[in-house]
Amino acid sequence: MTTAAAPALLEDTQLSSRAGGLYRHQNIVTGLIGGIGLGAIGWALSHQFLQGSNWGTDMVVTVTMAGWVIGLLLGIGAFNAPVLWMLGHDQTHEDELYLAGVGQGPRRYWKFCTDHKVVGVQYLIAVFTIFGVGGTLAMMIRTQLVSAHSSFLGANAYNAIVSVHGMAMIVATIIMVTGPFGNFIVPIMVGAKDMAFPRLNALSFWLLFAAVPPLLATFVLGGVDAGWTTYAPLSVQAPPAMDAFAITILTFAVSVTLSGINIIVTVLTMRAEGMTLNRLPIFTWGAVIGSALGLYAMPAFMVGMVMMITDRVSGTSFFVAAVGGSGWLWENIFWIMGHPEVYVILIPPVAAMLEVVSTFARKPIFAYKVTVGAFIAIIALSIMVWAHHMFTTGWAPDLNGPFMLTTELISIPTGIIFLCVIGTLWRGSIWTRLPMYWAYLFLWNFIIGGVTGIYLSDVPADNYFHGDMFVTAHFHYTLLGGAMIAAVAAFCYWFPKVSGRMLNERIGKVAFWMVAIGIQITYFGMFWEGFEGMPRRVAYYDPIFLHANQMATVGAYLLMAGFVVLLYAIIHSWVHGRPAPANPWHAKSLEWMVPTPVPLENFLVEPVVTADPYGYGEPEPAAPAAEPEREPVPVGSAETTAGEPV
Amino acid sequence: MSSDLAVKTREPDPLPPEKAPFFSRPSGKIFLIWLAMTVVGVLIGFYAPHHLLPTMLSVEGRAVWATVVLLTVLAAPVAAFVYGVGFYSLVAWRQRGYGQSDEPPPDGPPLRGNSGLTILWLVVSGVLVVVMLVWGLAELASENATHPNSLQVDVTGQQWLWTFSYPGAGNLETRSLVLPDNRTIVFHVTSEDVTHGFWPVELGVQVDANPNVVTTIQATTNKLGAFTVRCSQLCGLYHSFMYASGAVVTPQAFAVWLHAHGASALTASDVARVSSSS
């Protein structure tokens, strides 16, 4: 391709010293100043005027945290252009280029940047950071549980850590693929120059950034003692930490919603010529379908959390049975979000892993259309299964049968995913590079997660296993062993494109084996605890569960060590790795047809798609995904200007 | 770039698979792996619940055991098939020498789907779901059937202890749950503060204790022994310590126990009525 010959990339464009206006002076530092400043103002005002009331401290925390979020976004410049538009000033093309990071080098990663690739990398770093926090908390939990009556943490700290571990991991896993790769890869995959709404894209990242500090602040605000599920009325009575927790969720839910809309609109409207829906790479389908489900799930979470906040700061009693509310109302709202949400987590990484399987089996994806149909069937069913989390709550015993039906039906489309994977492996030319290792590990783990899920879907067995460690082991097998491992496969697959370097596979394979074995030891330990009858979320336990817990803790240390080794491999390769060619895997989708590093607005030539990207082993005419004959025209030159300012 | 993508198709396998004997074809070998792994899965299905679940003291507890065994037996062939193809692909179809190579192995055959196989897959998973569902609904119906002469027990959770009371026996209140053998017990469960989860572990049932609401669950005891009542719903600081001891005793011993704990409040006929299983 034209990597070396590209003469005038947008990055080299010289911008006038006034481009960007006020935004030139804004970055993460002004964002933090704005957030802390407005948070402090909010604290001072609310402390002055509201502290005396019945729910004073809750109001103060809510106002302060909301001030932090809004101040951060103001400080980083998220609202500059909309405000200017309202005042009648349009943004010039130069302003837009500056906003996309032109001419700012690495500094653009610390700014409100509209380039989808910058946002993707920002998301990637954020995901690693949140996983780091969640993983560290997991190690503290497992350390507490290494003996039956450990004094390592104490009951209150333990509950606070369990809650934040849960929420941090949910936040990280929801965005772990749609954030980094939905932003970096999807627009290139469909042949677009950027996301449909670049400014919203940047906003969704900085909302995520704003959501994390309140979550960590819960530790100094008394700790959330109600778990990440925050069942009422315990959560309504919880310390002020719960208000910060609610602000985290509200902010995060807005972020996920915006990002979801952006991905859907991008794929629906910005596809290159010839990129029909039948030719969409399956990961694109996964990102769209997962995001669409997020649009259903997240509003329920927002509504629930607004009701939770009003219960806490103004004495409404949606969820307090003693004054006419109902804890079951919260449980319903929560799980109407909560069960679709696991498929928001699962579908994008699984779809990304199918790309990996196809590339490294050197075969087309097996039963492509049926698999896309299965994804759609999964999300359709997933909005009708929420009450299987409530089989034993006593809310509606008569509905246990119907919800058992919908829950077990969902195993049919899920089974299609397995058919797709093994059909793609069938008679393939298995190329065992690092991404494929993780894809196989996904297959191993997700079967175990799925089989243990059917015990829980069956009411008579759930009557025993509900609320015990068996459930914990089951959903860690699906979400960590399944979704997150698939995400690691996707990460290893796209790392050369994102970083421009090859991942060190020797260290990566050491990490792989540590993680693979660690998962089995940890969660088989937890299955054992669950069979024996150990409840979830206990800081102290009956000594009869000791050996199972010790097994889980040993496994968890190995698992965490494996992830640390993987992180080392990533950082080492990002700095010292071998430079990556544009298409190291000899894959056929569009993101591999553009140069590495990917230029601003991605394509030197507007791509024309003539076939789907899975033409392995098929005759040449179907093979190239990009139109090769056209004369390369640098984007940004007179012929193809970058288009109207967005 | 497109010139790099010139199709290199693998050499055809030396012996056309269709003509080889069944067990030397991929499908035959996978069949053997599948059979072996299915047997292992079924053995695990019988072993794991038998050795890991506690000794169940009720009909419902026995149903937990049976359900786990049945579902494992149903799931084992499916899991074994996926694992079988996965393992076989690693052993037989892995292109040796390419593990560290930047050049990909030659492309595999362009199989894009097989509608017969897809339909078969859907039918098999559909049938398995129906079996699971019928089993679950049947168990559910038997667990919800009403029994005459059941023993009523009120259960109240509060942070962080359980209180049990026997309305038929002068509202005798205790901290440990004593139940007669061979009797259906109906638990009426509520909470004084936050949501708790009433879980008499070895009875194999549970239901949440919600404030201001009474939920019910029933279990039919069929074995003598001690059990533990745990809290299965995070309920605050000392959730870990919210447990109570329980025992299933003979009806005679139950009558004696009632007398010993509530003799002054009970008439002889009260005790006879509450403790009688007939």
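Predicted model: local features only at pLDDT ≥ 70, side-chain atom pairs only at ≥ 80, totals over all residues.
Local features need pLDDT of at least 70 and side-chain atom pairs count only at pLDDT 80 or more, whereas totals for chains, interfaces and linings use all residues; side-chain values use heavy atoms, with hydrogens and water left out. Residues are numbered from 1 along each chain as its sequence is written, and chains are lettered from A in the order in which they are written.

**Exercise 1. Determine how many cavities of 30 Å³ or more the model holds, and describe the lining of the largest cavity.**

Step 1. A cavity is a set of points, on a 1 Å grid over the protein atoms alone, where a 1.4 Å probe fits but cannot get out; lining residues have an atom within 4 Å of a point. Grid points are joined across faces, edges and corners, and a volume is the space filled by probe spheres set on the points.

Step 2. The count is 8 cavities of 30 Å³ or more. The largest cavity has a volume of about 130 Å³. Its lining has 15 residues, and those closest to the centre are A:Ile174, A:Thr178, A:Val256, A:Ser259 and A:Ser291.

Step 3. Helices are DSSP runs (H or I, at least four residues), numbered from the N terminus. In chain A, α6 (155-175), α11 (241-269), α12 (282-314) and α13 (327-361) each give at least two residues to this lining. The largest share, 5 residues, belongs to α11(A).

Step 4. Ala, Val, Leu, Ile, Met, Phe, Trp, Tyr, Cys and Pro count as nonpolar, Asp, Glu, Lys and Arg as charged, and the others, Gly among them, as polar. On this scheme the lining of the largest cavity has 8 nonpolar, 7 polar and no charged residues.

**Exercise 2. Describe the contact between chain A and chain B.**

Step 1. With contact taken as heavy atoms within 4.5 Å, chain A contributes 104 residues and chain B 92 residues.

Step 2. Buried area is the accessible area (1.4 Å probe) that two parts lose on being put together, summed over both. Between chain A and chain B about 8,300 Å² is buried, 66% of it from carbon and sulfur atoms. On the chain A side, A:Arg427, A:Tyr464 and A:Phe531 supply 8% of the buried area, more than any other three residues.

Step 3. A salt bridge is a side-chain nitrogen of Lys or Arg within 4 Å of a carboxyl oxygen of Asp or Glu. The two chains share 6 salt bridges. A:Arg578 and B:Asp102 meet in a salt bridge at 3.0 Å, N to O.

**Exercise 3. Locate the salt bridge of A:Glu96 within chain A.**

Step 1. The count over all chains is 14 salt bridges. A:Glu96 pairs with A:Arg199 at 2.8 Å, N to O.

Step 2. A:Glu96 belongs to helix α4 (residues 93-99) and A:Arg199 to helix α9 (residues 198-217) of chain A, so that the pair links parts of the chain 103 residues apart.

Technical notes: 1 Å grid on protein atoms, 1.4 Å probe; cavity = no way out; pocket = protein on both sides within 12 Å on 5 of 7 lines; lining within 4 Å.
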